[in-house]
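Open the model in your viewer and keep the selection tool at hand. The tour moves from one selection to the next.

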Amino acid sequence: MADIDYRTWPAHGSNIEPSDDHWMTPAGRFNHGFSSADQVHGETTAANQNIGAPAFSLADHLPEVIVEAVAEWATHLQHQTWRLRRRALSRFAEAFADQFVALNPSLNDEEYESLIDIGYTCLLEKLDSGKPIADLDQAHCYKRSVHDEHRFAADLFIEINLPTATIH
C-alpha cells in the first residue's frame, strides 16, 4: 500500500471519472467493510464494550468508491500500533477533505473542517474493533471522533488512566 497515493482517489484504482455522477452514489446501509457487515460476524463497533455502538455509521452515507478507499486504509492499518494509526488517521482525513475540495472548490473553511472530521471518523469506525480502549494514543483517536460514544469512552479511559496532579 505504500506506493498508493490516496490523494488521487476516486480516480486511483477506479475506472470512474470524477466528473461521472455515479461515483457520488451512496454506498448504502450494507456497504462492505463497515459496522453492518462486521456485526454479522459477531463483532461490535463500540469503543468500549460497556458503552455501546455509535448510533449511526458515517460510512453508510458515502459513495462506494470512498468506502473502498477507507477499507483499504483500514486493512493496512489494522496491524499497526495506535500511535501510527493516529498519524495515519489525520493524514487520511486531510486527503479525504482535499479530494472533495478538488471536486468542489467553492467549499468554505467550515465545510472543509467538517469533511476532515468525517474522513477521520469514517476510518476510525473501520478500525474500531469493539474492544475496550487499551492505550493513550487510541484514546486520543477516539476523542477526535464525531461519535459521542467514542468521545465518552476516550474521556473515561483518560480519566481512569492518567495520574492526577497533587496540589501542595
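Select Asp155. At 33% relative accessibility, Asp155 counts as partly exposed (buried is under 20% relative accessible area, exposed over 50%, partly exposed in between; 1.4 Å probe, protein chains only). This is a predicted model: local features need pLDDT of at least 70, side-chain atom pairs count only at pLDDT 80 or more, and totals for chains, interfaces and linings use all residues. Residues are numbered from 1 along each chain as its sequence is written, and side-chain values use heavy atoms, with hydrogens and water left out.

**Asp155 and its partner**

Lys143 and Asp155 form a salt bridge, with the closest N and O atoms 2.3 Å apart (a salt bridge is a side-chain nitrogen of Lys or Arg within 4 Å of a carboxyl oxygen of Asp or Glu). The pair links distant parts of the chain: Lys143 sits in helix α5 and Asp155 in helix α6 (residues 148–161), twelve residues apart. Helices here are DSSP runs (H or I, at least four residues), numbered from the N terminus, and strands are E runs of at least two. Lys143 is partly exposed, with a relative accessible area of 37%.

**Along α6**

Stay on this helix and pick Ile160, which lies in α6. Is Ile160 buried or exposed? At 61% relative accessibility, Ile160 counts as exposed. With Ile160, Phe152 and Leu156 make a nonpolar surface patch of about 300 Å². Patches are made of residues with over 30% relative accessible area and no salt bridge; like charges are joined within 9 Å, and nonpolar side chains (Val, Leu, Ile, Met, Phe, Trp, Tyr) within 5 Å. Accessible areas come from the Shrake-Rupley method with a 1.4 Å probe; for residues, only the protein chains shown count as cover.

**The start of α5**

Go back to α5 and select Asp135. Asp135 is in the loop between α4 and α5. Asp135 counts as partly exposed, at 29% relative accessibility. What does Asp135 do at the N-terminal end of α5? Asp135 caps that end: a side-chain oxygen lies 3.0 Å from the backbone nitrogen of Asp137.

Show the neighbors of Asp135. Leaving out residues up to four places away in sequence, Asp135 touches Trp82 and Phe157 (contact means heavy atoms within 4.5 Å). Asp135 and Trp82 are 53 residues apart along the chain, and their C-alpha atoms are separated by 7.8 Å.

Move to Asp137, in helix α5. Again leaving out residues up to four places away in sequence, Asp137 touches Trp82, Arg83 and Arg86. Side chains of opposite charge can pair when their charged atoms come close.

Select Arg86. Asp137 and Arg86 form a salt bridge, the closest N and O atoms being 3.1 Å apart. Asp137 lies in helix α5 and Arg86 in helix α3, so the pair ties together parts that are 51 residues apart in sequence. Arg86 counts as partly exposed, at 32% relative accessibility.

Arg83 forms a salt bridge with Asp137, the closest N and O atoms being 3.9 Å apart. This pair also links distant parts of the chain: Arg83 is in helix α3 and Asp137 in helix α5 (residues 136–143), 54 residues apart. Arg83 counts as exposed, at 57% relative accessibility. Keep the trio on screen: Arg83, Arg86 and Asp137 are linked in a network of salt bridges. The structure holds four salt bridges.

Color α5 by burial. Its buried residues are Asp137, Gln138, Ala139, Cys141 and Tyr142. They pack against α3, α4 and α6.

Next, select α2 (residues 64–77). It has 14 residues and reaches 20 Å from its first C-alpha to its last, close to the 20 Å expected at 1.5 Å a residue. The expected span is 1.5 Å times one less than the number of residues. The buried residues of α2 include Val65, Ile66, Trp73 and Leu77. Which helices do the buried residues of α2 pack against? They pack against α3 (82–103) and α4 (109–127).

**Zoom out**

Show the whole chain. The protein has six helices and zero strands. Of its 168 residues, 41% count as buried. Among contacts between residues at least 6 apart in sequence, 66% join residues at least 24 apart. The protein exposes about 9,700 Å², and carbon and sulfur atoms supply 51% of it.

Note on methods. A polar contact is a pair of N or O atoms within 3.5 Å; within protein, one must be able to donate a hydrogen and the other to accept it, and residues adjacent in sequence count only if both atoms are side-chain atoms.
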